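Trainee: Could we go through this model together, setting each value against its definition?

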Amino acid sequence: MKNIFTVEVTREVIERINNLTASSQPNWGKMSVSQMLAHCCVAYEMIYTNKHPRPKAFVRMLLKTFVKKSVVNNKPFAKNGRTAPQFIIAEERIFDAEKKRLIDFLNKTLELGETYFDGKESHSFGKLTIAEWNNSFYKHIDHHLTQFGV
């Protein structure tokens, strides 16, 4: 798994984002490109904002038990997988605004660095290691950029 906490990988991901256009079409799935960018921002919103309420203890226990491993391991996501409700972007979004937000989140994450995330509490999965944070960040964005052919 590439390390999203390195300058080289973050630049590569941003370059891929910059290769998207407002008319980019997915190779699979139903999201538009602007919805996909907003969807990718949700993971960062959960870290940097209070926009998404934390799941209740019982739901967090279920997520840690049944979902965490598939999110934080280094196995790529399958196409057309199930999406958590807070990640569903139903309304259309403004492409340039969502693109800028996602790039800003990537740069903030790079600036804070991997030590900021070492043992940091995840919104849904409890404390994660640097490798688990990296895997969840990188494989999610890589999955969706691949979905849109960049």
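Trainee: Which residue just after α7 takes a positive phi?
Mentor: Gly149 does, with a phi of about 75 degrees. Keep in mind that this is a predicted model, in which local features need pLDDT of at least 70, side-chain atom pairs count only at pLDDT 80 or more, and totals for chains, interfaces and linings use all residues. Residues are numbered from 1 along each chain as its sequence is written, and side-chain values use heavy atoms, with hydrogens and water left out.

Trainee: How do you know that α7 is mostly covered?
Mentor: Of its 18 residues, 13 are buried, a word that means under 20% relative accessible area, with exposed over 50% and partly exposed in between (1.4 Å probe, protein chains only).

Trainee: Why is Val67 called partly exposed?
Mentor: Its relative accessible area is 31%, so Val67 counts as partly exposed. Val67 lies in the loop between α3 (57–66) and α4.

Trainee: What makes a set of residues a nonpolar core?
Mentor: The members are buried Ala, Val, Leu, Ile, Met, Phe, Trp, Tyr and Cys residues joined through side-chain atoms within 4.5 Å. The largest such core here has 32 residues, of which Val13, Ile17, Met36, Leu102 and Leu106 touch the most other members. α2 gives the most to this core, with eight residues.

Trainee: Which residues is Leu102 in contact with, leaving aside its neighbours within four places in sequence?
Mentor: Contact means heavy atoms within 4.5 Å, and on that basis Leu102 is in contact with Ile17, Leu37, Cys40, Cys41, Tyr44 and Ile141.

Definitions and conventions. Helix = DSSP H or I, 4+ residues; strand = E, 2+ residues; numbered from the N terminus.
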